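Take a look at the structure below. This report goes through it part by part.

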Amino acid sequence: MRRIVASFVAALVVAGCTTASEPTLTVLAAASLAEAFADLDPGEQVRYSFAGSQQLVAQVEAGVPADVVATADEAAMDRLVRANLVETPVVFARNKLAIAVRPGNPGRIRVLADLARPGLRLALADGTVPVGRFAQQALQKGSVRVRPVSLELDVKAVVSRVASGEAEAGIVYATDVTRASGVEGVAIPDDLNVVATYPAAVVRAGANRPLARRFVFRLTGDRGRAALAAHGFLAP
Amino acid sequence: MKRTALLAGAGMALMVLPLAGLLQRAPWSTLGTELASREARDALGLSLVSSLGALAVSVVLGVPLAWILARVPFPGRALVRALVMLPMVLPPVVGGVALLSAFGRRGLLGSWLGSLPGFPLPFTLRGVVLAQAFVAMPFLVVATEAGLRQLDRRHEEAAATLGARPWRRFRTVTVPLIAPSLAAGAALCWARALGEFGATITFAGNLPGRTRTLPTAIYAGLQTRPEGAVALSLVLLAVCLAVLVALRGRWLGTT
């Protein structure tokens, strides 16, 4: 028994040493990037922390130790730029909106205007979240007046409302409509769509800025783009 | 002794410092305008209505439950009591998921109840009330049951020998005797319902004027209009303090 404990402790010490000796980056990223970033091969040890863009900005402002921050809208990033907390941001991906419906599209939602159908249970993201604001812009462009049943606090909650059948449709990012999400996507034509821009920037207070710059640089490189494209993101 | 005092001081700081931070951040000069805004009034009104509704549901269903748990021995009573208390420790968001699994459109009962008037519940005020009652009712049940157990039953027996029927006995003898416990339970239940967030947002959603309660408005507002969110937080803080002060004799002791 003692030997087991001893070898367990030894293993812990070794594990501790290996992680400590390799340089580690902390990347704060928008929730919608979670799946794509998981497939990224950054070439170094990276710790990801995913949250809503507004929350990420608040974290950097509060001095959370981080090397890179990637948000889902430029307004959020601009706040960090103005406060001189980050280096010049680089746009590395774009995203469009899509209508999420139940698998098989039982409600026969074809166009944005269908969302105005009386009695249709529509879930949107709240206007405080980028995707909620973009959805409002798209609806405005199409002069579609809707009466949502709920304004969810992040995009994944909108997806889950539709997947669970509580809502019949929702407006989400095109990248949120995945096989695993349990919803089907209906495209929104470009003239009504709103394009979300994803900037990434090196945090000035970061401990390893050269490495952080390399991470941001690789996001726009061939392999970074391929990983993002595989998850439905558009090129910058 | 010294170390104990130090740890106790740190413990107190942990509780008090965040509140001090909140007070320091409060937009005192514009508090009135913040609370008079349409959004704040909607959330305040909705929270008031829904939490009182949750309290009413809790009294109507919780007092009989407490009575059964206190007075009627039956196999598995300890288990039932544990189940009734579960929402007190269950993470509220899990409660919300559980409510969806039961009363959602594709839930256990929801798919049967769906066509009845008043259903389905998600995205409605009734859904908010249900979520709040689910989380808050245990506070009322626990306090009421404790009151019933401590009661000297000779008073009820005396009333019975004088010919009072059960309902009259309950109304004129039991309720006045357990009134302090009942009031304390009701106050805690109401305060818990008022502050409920996780189960409510998960089960009932968030729509201003319909299902957006105070805590949801605070959470949503924090990222865009922090002053408004902090102002609403102060309201909840004040209400909770008021409830505690009202329960002073019972919970804080006289020293």
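## Where the chains meet

The contact draws 13 residues from chain A and 15 residues from chain B. On the chain A side, α3 (53–61) and β7 (150–152) each supply at least two of the residues that touch chain B. β7(A) gives the most to this side, with 3 residues. By type, the chain A side divides into 4 nonpolar, 6 polar and 3 charged residues.

Keep in mind that this is a predicted model.

## A five-stranded sheet

Chain A has an open sheet of 5 strands. The strand order is β7-β6-β8-β5-β9, and the pairing is mixed. β7(A) and β9(A) (184–187) are the edge strands, since each pairs on one side only. From one strand to the next, the twist averages 35°.

Now look at one pair of strands. β5(A), residues 97–101, and β9(A) run in the antiparallel sense, with 4 bridges between them. Ala98(A) stands opposite Ala187(A) of β9(A).

## Helices on the sheet

Helix α5(A), residues 130–141, packs on the sheet. This helix touches β5, β6 (122–125), β7 and β8 (169–173) of chain A. The direction of α5(A) makes about 120° with that of β6(A).

Helix α6(A), residues 155–163, packs on the sheet too. It touches β5, β6, β7 and β8 of chain A. The direction of α6(A) makes about 145° with that of β8(A).

## One side of α4

Which residues of helix α4(A) are buried? In this helix, residues 74–82, they are Ala76(A), Met77(A) and Leu80(A). They cover an arc of only 95° around the axis, so they sit on the same side of α4(A).

What covers these buried residues includes α3, β3 (68–70) and β10 (196–202) of chain A. After α4(A) comes Asn84(A), whose phi is positive, near 60°.

## The nonpolar core

How many residues make up the largest nonpolar core? It has 128. Among the residues with the most contacts inside it are Val68(A), Val69(A), Leu97(A), Val158(A) and Cys189(B). Helix α7(B), residues 125–150, provides the largest share of this core, 15 residues.

Val172(A) is also one of the residues with the most contacts in the core. Leaving out residues up to four places away in sequence, Val172(A) touches Ala98(A), Ala100(A), Val131(A), Val155(A), Val158(A), Val159(A) and Val177(A).

Definitions and conventions: Residues are numbered from 1 along each chain as its sequence is written. Chains are lettered from A and ligands numbered from 1 in the order in which they are written. This is a predicted model: local features need pLDDT of at least 70, side-chain atom pairs count only at pLDDT 80 or more; totals for chains, interfaces and linings use all residues. Two residues are in contact if their C-beta atoms, placed from the backbone, lie within 7 Å. Ala, Val, Leu, Ile, Met, Phe, Trp, Tyr, Cys and Pro count as nonpolar, Asp, Glu, Lys and Arg as charged, and the others, Gly among them, as polar. A residue is buried if 20 or more other C-beta atoms lie within 10 Å of its own, exposed if 12 or fewer, and partly exposed in between; C-beta atoms are placed from the backbone. The arc is that of the directions from the helix axis to the C-beta atoms. A nonpolar core is a set of buried Ala, Val, Leu, Ile, Met, Phe, Trp, Tyr and Cys residues joined through C-beta atoms within 7 Å. Two strands pair if DSSP finds at least two bridges between them. Axes are lines fitted to C-alpha atoms, for helices over the stretch in contact, and angles run from 0 to 180 degrees between N-to-C directions.
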